[in-house]
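Thanks for making the time this morning.

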Amino acid sequence: MAEPALELRDLNKAYGALTVTDHVSLALPDGEFHAIIGPNGAGKTTLIHQISGVVPSDSGSVWLGGRDVTGLSLPERVHRGLVRSFQITSILPGFSALENVALAVQAREGSSFRFFGRAREEARLNDQAIEALEEVGLGKRAGIRAGLLSHGEKRQLEIAIALAARPRVLLLDEPLAGTGPEESAVLIALMQRLRGRMTILLIEHDMEAVFALAERVSVLVYGRIIASGTPAAVRDDPDVRTAYLGEEGG
Amino acid sequence: MTMPPENGPGFLKREAVPVLLFALLALVPFAAVLGAESYLLSLVTRVMIFAIAALSLDLILGYGALVSFGHAAFLGLGGYAVGILSAHGQTDALVQLPVALAVSALFALITGALSLRTKGVYFIMITLAFGQMAFFLAVSLAAYGGDDGMTLPGRSRLFGMELIKNDRAFYYAVLLALLGAYGLCRSIVVSRFGRVIRGARENPQRMAAIGFPLFRYQLVGYVIAGTLCGLAGFLLANQAEFVSPAYMTWQRSGELIVMVVLGGLGTLHGAIIGAAAFLLLEEWLSGFTEHWKMIFGPFLVLVVLFARGGLMGAIRRIGGGGHG
């Protein structure tokens with residue numbers, strides 16, 4: 001049996017009396033597109049913070065390709081291939097789109113303790129950055145200052161940054177948040193193209209998108225995974241209907 | 001928005017400010033012959049020394065958003081390295097300068113490693129506290145003049161020769177140091193390393209998620225800035241032929257911040273212009289009244305309010321250039 005690409009073993013997190021992550025265990029085989037859904041306040045973002053190393057877990061462990069990465073910091077996990085995006089757009093607004101992505105290449109390629117030479121003109125970094133930008137459909141916007149991109153483009157840029165880091169496991173924290181229908185369609189098509197090329201854990205509110213993209217879906221309610229399975233199975237799960245889908249519908 | 005190539009016909013236009021600035025500085029000694037030579041030389045030498053200190057601060061403050069409120073400590077460390085070695089008969093710059101730089105680097109490494117664990121206002125407070133520690137250490141050095149400071153036997157020698165004894169020779173030595181410091185900083189800010197520092201100013205969370213452990217980059221930046229400021233301290237002691245705890249008062253640290261902000265954060269030549277504007281205004285205004293700060297204060301407020309980007313921002317707007 002191959003090791004899962006990403007495995008969560010009994011993760012817990014509480015803020016005072018409030019339990020946000022409650023004994024979460026999950027295993028993603030290599031190449032799986034897995035989505036986590038759940039109502040607001042279910043603890044989805046906290047969970048992704050714990051997986052990526054932004055927030056320490058109270059107990060439990062995170063395993064990447066069979067190796068325990070629980071003790072590693074966010075940048076260290078990135079170097080191991082665990083890369084994330086943020087729910088609230090997180091880019092370098094004063095840098096060009098190209099430089100945003102080139103920095104991710106730079107983090108992976110060679111030392112950044114170089115004090116001479118113009119980083120902006122390093123073809124080795126820029127070529128790979130352009131490649132990632134083209135992949136997400138921003139090839140023509142490379143020279144634009146990132147802060148001036150539209151909201152949807154910024155979300156595309158975030159994915160390009162993540163791709164340039166060459167992730168084995170990609171964590172996407174509500175990539176569709178705040179996007180209009182057209183922007184969503186672009187991003188969903190993009191995620192469709194990424195499917196199978198790497199292991200993806202998607203946290204998303206948009207049900208339609210989740211059921212269209214994910215091979216497996218887990219439902220998080222009050223920090224606990226109450227169901228996990230194929231989209232069809234999860235949709236028909238009675239617990240899920242009452243706990244989550246029912247609430248949304250009614 | 002586009003990235004112009006570094007060389008080409010646009011070079012002089014784009015680099016007009018630094019080119020003019022350094023040409024002007026190189027010509028000052030010739031103008032000085034016309035009258036009041038020693039006064040003018042010593043004033044502009046002082047400007048250039050503080051410009052080095054301000055440059056070094058701009059590297060971390062302007063490009064890294066690290067508001068160090070204890071930067072004057074490095075002026076003192078560099079100065080005291082000269083003073084204390086001289087007091088023990090070691091007057092050669094070949095010894096004094098490396099010691100001044102090494103002491104500054106070490107102090108930056110230790111205080112930076114602790115300070116950089118904090119953020120925002122706590123970083124300001126802790127760098128201030130370290131600056132005050134250095135200040136009070138100097139006050140307590142009774143053997144080296146304590147509160148009163150100490151007079152040096154003379155300027156540093158080079159291979160035993162009194163190469164910078166002459167004010168004009170010293171002036172050019174300082175100009176060379178400033179040019180070197182400026183060139184080094186210019187190189188750093190566009191390098192891979194500088195890009196990480198600038199990225200951390202924009203969005204530290206994003207930089208961490210890209211895979212940069214920022215602490216170590218910021219620490220190295222802090223050490224570079226501290227070492228460079230130690231060079232300014234070495235030069236300042238040589239100019240005044242005197243060192244005292246007054247080099248490292250917290251007011252002095254504040255003045256360095258003012259110079260950088262006045263000139264324009266994150267522009268490097270702005271730091272030079274800011275240092276010049278600060279010291280020349282101080283000199284000029286204090287000729288009218290001893291309460292010159294009453295005029296200087298409101299002037300600063302006006303610059304901050306109305307000339308966003310400091311004097312460099314104003315120059316850019318007058319020059320008609322777009323956003324650089």
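A:Gly53 counts as buried, because it has 23 C-beta neighbours inside 10 Å, where buried stands for 20 or more other C-beta atoms within 10 Å of a residue's own, exposed for 12 or fewer and partly exposed for what lies in between, with C-beta atoms placed from the backbone. Please keep in mind that this is a predicted model, in which local features need pLDDT of at least 70 and side-chain atom pairs count only at pLDDT 80 or more, while totals for chains, interfaces and linings use all residues. As for the names, residues are numbered from 1 along each chain as its sequence is written, and chains are lettered from A and ligands numbered from 1 in the order in which they are written.

A:Gly53 sits in the loop between α1 and β4 (59-64) of chain A; helices here are DSSP runs of H or I with at least four residues, strands are runs of E with at least two, and both are numbered from the N terminus. This glycine follows α1(A) and has a positive phi, near 95°. Leaving out residues up to four places away in sequence, A:Gly53 touches A:Leu72, A:Ser73, A:Leu74 and A:Arg77, a contact being two residues whose C-beta atoms, placed from the backbone, lie within 7 Å. From A:Gly53 to A:Leu72 there are 19 residues in sequence and 6.9 Å in space, C-alpha to C-alpha.

Let me turn to the domains of chain A. Chain A is divided into domain 1 (1-81 + 167-250) and domain 2 (94-165), with bounds that come from an automatic or database domain assignment. The centres of domain 1 and domain 2 of chain A, taken over C-alpha atoms, are separated by 26 Å, and their contact takes ten residues from domain 1 and nine residues from domain 2. On the domain 1 side, helix α6 (residues 181-194) of chain A gives the most, with four residues.

What is found between these two domains? The largest nonpolar core has 172 residues, and those with the most contacts inside it include A:Val101, A:Ala160, B:Ala54 and B:Ala275; such a core is a set of buried Ala, Val, Leu, Ile, Met, Phe, Trp, Tyr and Cys residues joined through C-beta atoms within 7 Å. Its largest share, 15 residues, comes from helix α3 (residues 37-61) of chain B. Both domain 1 and domain 2 of chain A give residues to this core, so it lies between them. B:Ala54, setting aside residues up to four places away in sequence, touches B:Leu256, B:Met259, B:Val260, B:Ala271, B:Gly274 and B:Ala275.

Next comes the contact of the two chains. It takes 24 residues from chain B and 31 residues from chain A, and on the chain B side α8(B) gives the most, with six residues. By class, that side has 13 nonpolar, seven polar and four charged residues, where Ala, Val, Leu, Ile, Met, Phe, Trp, Tyr, Cys and Pro count as nonpolar, Asp, Glu, Lys and Arg as charged, and the others, Gly among them, as polar. B:Tyr217, in helix α10 of chain B, is buried, with 22 other C-beta atoms within 10 Å. Apart from neighbours within four places in sequence, B:Tyr217 is in contact with A:Ser112, B:Phe193, B:Val196, B:Ile197, B:Ala200 and B:Phe212. The C-alpha atoms of B:Tyr217 and B:Val196 are separated by 7.4 Å, although these residues are 21 residues apart along the chain.
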